Amino acid sequence: MYADEREISVVESNITLDEWYKQWLDTYKANCRNNTKDTYYRHYKRVKDELGWRKLTQLNLMVMQQAINKLNSDNERKNAKKILVDMLEKAVDSDLILKNTAKQITTIITKEEKKERRVLTKEETELFFIEAKGTLYYNLFIVALETGMRVGELSGLQWEDIDFRSKVIHVRHSMTYFSNADGKYVFELHPAKTNKGMRDIPLTENAIAALKNQRLVKRSIINKGKEALEGYEDLVFVTRNNRPTTQFLISECIFGTIKRIQKNNPDLIFEKMTPHCFRHTFATRYLEAGVPLKTVSALLGHTQLQLTTDLYMHVTQEALFDGVKQYENTIKQG
């Protein structure tokens with residue numbers, strides 16, 4: 001009563017999970033980017049109908065596990081558990097519940113096989129760029145492959161970030177976006193999240209040529225009277241209407257390119273790919289070329305060397321055959 005009268009205790013002890021989610025988001029995640037908050041809600045929404053109406057004190061392990069079991073994949077379960085664990089940990093700290101039962105939730109149920117990360121072979125890369133030529137994002141694809149930059153970094157790239165004289169890109173920002181209440185995209189340009197993310201990437205000749213071509217593309221869009229959004233006039237890669245681009249639009253361009261590949265090569269199976277595939281391919285090609293792992297990690301902007309190792313230290317089919325050839329040549333020379 002003393003605490004309530006003086007507003008020391010601002011959360012009711014019989015609060016529901018839905019009510020606590022809003023408190024948790026507004027209080028503990030207040031400094032998060034809007035697109036990050038959207039991600040939190042997407043994961044929470046999966047268990048909202050089953051658990052949101054329940055009081056925090058009613059959230060025993062069985063109730064939560066049953067809700068988690070109904071999700072479609074182990075990955076969905078893992079992400080939903082992360083949200084619940086964080087929310088309930090803050091509830092424990094706030095003396096609303098005694099312990100965080102969500103920590104005991106089991107997420108590995110269907111045991112899906114982890115998909116191998118998609119990496120383009122050298123032949124696939126050549127074929128892709130033949131069919132992608134002339135598309136709006138052709139130059140973006142080249143820069144993505146030549147630099148290993150993330151999609152958000154490419155979308156947020158500005159002309160002031162490119163030093164053609166020193167042949168380097170200064171990665172300083174990342175573009176994020178989310179849907180507002182009207183269903184329209186709202187764009188936000190943020191500084192890189194980490195010091196490692198803020199990095200300089202030396203430019204290859206291919207990347208320089210693509211960026212110079214993109215300057216002509218951007219000028220053509222402006223000459224057609226397409227005005228940029230305020231604050232986004234200096235973006236390198238934009239839509240035909242001079243608006244910031246999104247991963248969805250870039251993916252659509254990739255999908256259209258793959259359709260042309262399959263149409264023109266009916267006997268070829270060209271697997272689906274995402275924009276992030278260029279980053280995987282970049283890292284794989286560099287490692288195959290014998291570039292030190294630490295250098296590749298720095299180019300990718302990873303905060304830990306282990307992250308680069310876990311993500312990219314896989315062997316392509318090409319590398320397997322090259323390895324056997326290298327072995328045979330060594331034996332013959334011996």
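**Figure 1. The hairpin of β1 and β2 in the predicted model.** Lysine 167 takes a positive phi near 60° in this hairpin, which has 4 residues between the strands. The two strands, β1 and β2 (residues 168-171), pair in the antiparallel sense over 2 bridges. One of the paired positions joins aspartate 163 to valine 168, its bridge partner in β2.

**Figure 2. The open sheet that contains β1, β2 and β5.** The sheet has 3 strands in the order β1-β2-β5, and the pairing is antiparallel. β1 (162-163) and β5 (199-202) stand at the edges with a single partner strand each, so one side of each is left without a neighbour in the sheet. Strands of a sheet pair through backbone hydrogen bonds, in either a parallel or an antiparallel arrangement. Here, β2 and β5 pair in the antiparallel sense over 4 bridges, whereas β1 and β2 pair over 2 bridges. Isoleucine 169 has isoleucine 201 as its bridge partner in β5.

**Figure 3. The crossing of helices α2 and α5.** Two packed helices are described by the angle between their axes and the distance between the axes. The axes of α2 (residues 17-28) and α5 (residues 74-93) come within 10 Å and cross at roughly 85°. Because angles of 65 to 115 degrees count as roughly perpendicular, α2 is described as roughly perpendicular to α5. On the α2 side, the contact is made by Leu17, Trp20, Tyr21, Trp24 and Tyr28. From α5, the contributing residues are Ile83, Leu84, Asp86, Met87, Leu88, Lys90 and Ala91. By class, this contact of α2 with α5 has 10 nonpolar and 2 charged residues, with no polar residues.

**Figure 4. The largest cavity and its lining.** A search of the whole structure finds 1 cavity of 30 Å³ or more. The volume of the largest cavity is about 70 Å³. Its lining consists of Leu140, Ala144, Met149, Arg150, Val151, Leu154, Ile250, Pro275, His276, Phe278 and Arg279. Three helices, α7 (138-147), α8 (151-155) and α11 (276-288), each supply at least two residues of this lining. The largest share, 3 residues, comes from α11. The lining residues of the largest cavity divide into 8 nonpolar, 1 polar and 2 charged.

Definitions and conventions: Residues numbered from 1 in each chain as written. Predicted model: local features only at pLDDT ≥ 70, side-chain atom pairs only at ≥ 80, totals over all residues. Heavy atoms only, no water. 1 Å grid on protein atoms, 1.4 Å probe; cavity = no way out; pocket = protein on both sides within 12 Å on 5 of 7 lines; lining within 4 Å. Points joined across faces, edges and corners; volume = space filled by probe spheres on them. Nonpolar A, V, L, I, M, F, W, Y, C, P; charged D, E, K, R; others polar. Pairing = 2+ DSSP bridges. Axes fitted to C-alpha atoms, helices over the stretch in contact; angles between N-to-C directions. Parallel < 35°, antiparallel > 145°, perpendicular 65-115°, else oblique. Contact = heavy atoms within 4.5 Å.
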